[in-house]
Amino acid sequence: RVPAYILEQKTACQASRQRCQVRFSAALAADQFLPQRVSRSVRPLAARLDGLVNGTGEGAVAGRLSVAAFSIRMLSAAIALLSQVLLARWMGSFEYGIFVLVWLTAVVVGNISCFGFQTAVIRYAPEYLAKGRLDALRGILVTSRIFALAASSIVALLGAAALYLAGASVESYYVAPFYLGFLILPMIALGDTLDGTARSQSWVVAALSPTYIVRPLLILGFMGSFMALGLAPTARMALLASLAATYATTVIQFALVTFRLDRAIPTGTREVLFGEWFRVALPIFLVEGFFFLMTNADVLMVGRYMDPTHVAVYFATVKTLALVHFVYFAVKAGVAPRYSRLMHSGDRAGLEAFVHDSSRWTFWPSLAMAVAVLLIGWPMLMLFGKGFTEGYPLLFMLVLGVVARASVGPAESLLNMSDNERICAGVYAVTLALNLVMNALLIPRFGLPGAAAATTAAMIFETVALSLTVRRRLGITMFAFAPPISRPTSEGTR
């Protein structure tokens, strides 16, 4: 039993906080903080910040989630850059190129091995919770994890068998690393499903921290430990470190997410609607699969046509550009559940206003980060070691595609949450095909600049196609420079 004096203190604190909010809002309205001339220019920004901090509407809540996700991605970008720089310096460009190609393949295939269930959870969980369908909610939360683990294990076994049958057609220095990569697949898939589970409950920290903060730090820790024991810093050792880090991170995340779910959702029976979920998850699987392949196709295609040293240079360049990419992923992490709730609540005006906001939240920070990356790109690439600055000119081409893509925000999330998964998958299929064909034509002739040009052209095509698809299917203009939409009064600022 909680003592009475603690309850009194809690009540007093809550009352004090409410009084402070009222005084702040009143002072803001009365322009008491700053001189009149300055106040007129600062007041709109202060009002938006007040609404973001104290608001209870969909926009305010999603804004706070996106800020949290953005902060985590900023920290993760710094950690990822540090880890990749250290790994490149420890291993050298050749061994580092082998490692990044195998690790990237494991991450992409691991995500695809979920077959869309990691995003289907985000699609269904908010709806089931809003409608009180707890049996179905418990069913999809458990089924998604079991399915992802089983499916990814089968994919890993098939991949190992294919590698064995390929025999001498695969370069010898890739064989053992790829076998290690297949061992990592199940835990990557389960981790991605746990990310989706946490995001469906708006637990942004629990969703993003394990993958983007804990895992890279553990990889560095294990790799450093191996080197301290006198082991050579090779691609195999780096993949062994990644294997240990991935398993440790996923097991801890599984325990924490399960504990929070048990506290948030009452125990009871489970309703398994696998057929319905799979019909929705399959188009999402195609969207997610095409998206991941398209995002990483250039690195994989460079690995197909060029040696590991060139793979290392191109990957370091792409990793530097990731400072711009994480803005998009941060906004996506915060808005996807809100898209689903607004779509299924029938709040058309609120949805249109929120879509417009999410496009601007993605574009302007991405543009600022793009300028910063171009300014600091050369010294950042120098950190990786000798020869990596060869990738600096590629940044100027690649950044055009990233900024163009940011102008329409997380459009594919809106399509997925509005039952337009199939048309979205079609857009990504065409874009991926264009990307692969252009890479196959340009890389053998122009090398790394050809890969950058092909990727940029594919991203611009994707931007136009997604914007037109959202406009045609939903009647919403999803573009950062679209005319602003009046906010409905139900949005609320406090």
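Trainee: What should I know before I start?
Mentor: This is a predicted model, where local features need pLDDT of at least 70, side-chain atom pairs count only at pLDDT 80 or more, and totals for chains, interfaces and linings use all residues. Residues are numbered from 1 along each chain as its sequence is written, and side-chain values use heavy atoms, with hydrogens and water left out.

Trainee: OK, salt bridges then. How many does the structure hold?
Mentor: There are seven salt bridges. The term covers a side-chain nitrogen of Lys or Arg within 4 Å of a carboxyl oxygen of Asp or Glu.

Trainee: Which residue does Arg405 form a salt bridge with?
Mentor: Glu412 is one partner, with the closest N and O atoms 2.6 Å apart. Glu462 also meets Arg405 in a salt bridge, at 2.7 Å from N to O. Helices here are DSSP runs of H or I with at least four residues, numbered from the N terminus.

Trainee: Is Arg405 buried or exposed?
Mentor: Arg405 is buried, with a relative accessible area of 6%. Glu462 counts as buried too, at 2%, and so does Glu412. Buried means under 20% relative accessible area, exposed over 50%, and partly exposed in between (1.4 Å probe, protein chains only).

Trainee: And what about Asp135 and Arg138?
Mentor: Their side chains meet in a salt bridge at 2.5 Å, N to O. Because they are three residues apart in helix 6 (residues 134-166), about one helical turn separates them. Asp135 is partly exposed at 30%, whereas Arg138 is buried at 12%.

Trainee: Let's switch to helix packing. At what angle do helix 4 and helix 9 cross?
Mentor: Roughly 35°, and the axes of helix 4 (residues 93-112) and helix 9 (residues 235-264) come within 8 Å. Axes are lines fitted to C-alpha atoms, for helices over the stretch in contact, and angles run from 0 to 180 degrees between N-to-C directions.

Trainee: Which residues meet there?
Mentor: On the helix 4 side they include Phe99 and Trp103, and on the helix 9 side Leu239 and Thr246. Contact means heavy atoms within 4.5 Å. The residues of this contact divide into seven nonpolar, two polar and one charged. Ala, Val, Leu, Ile, Met, Phe, Trp, Tyr, Cys and Pro count as nonpolar, Asp, Glu, Lys and Arg as charged, and the others, Gly among them, as polar.

Trainee: How about helix 6 and helix 10?
Mentor: The axes of helix 6 and helix 10 (residues 274-305) come within 11 Å and cross at roughly 60°. Ala136, Gly139, Ile140, Thr143 and Phe147 in helix 6 meet Phe274, Trp277 and Phe278 in helix 10. That contact has six nonpolar, two polar and no charged residues.

Trainee: One more: where does Thr250 lie?
Mentor: Thr250 lies in helix 9, and at a relative accessible area of 4% Thr250 is buried. Leaving out residues up to four places away in sequence, Thr250 touches Met187, Leu190, Gly191 and Leu194.

Trainee: What does the side chain of Thr250 reach?
Mentor: The backbone oxygen of Thr246, at 2.9 Å. The backbone oxygen of Met187 also lies 3.2 Å from a polar atom of the Thr250 side chain.

Notes: Helix = DSSP H or I, 4+ residues; strand = E, 2+ residues; numbered from the N terminus. Polar contact = N/O pair within 3.5 Å; in protein donor to acceptor, adjacent residues only side chain to side chain.
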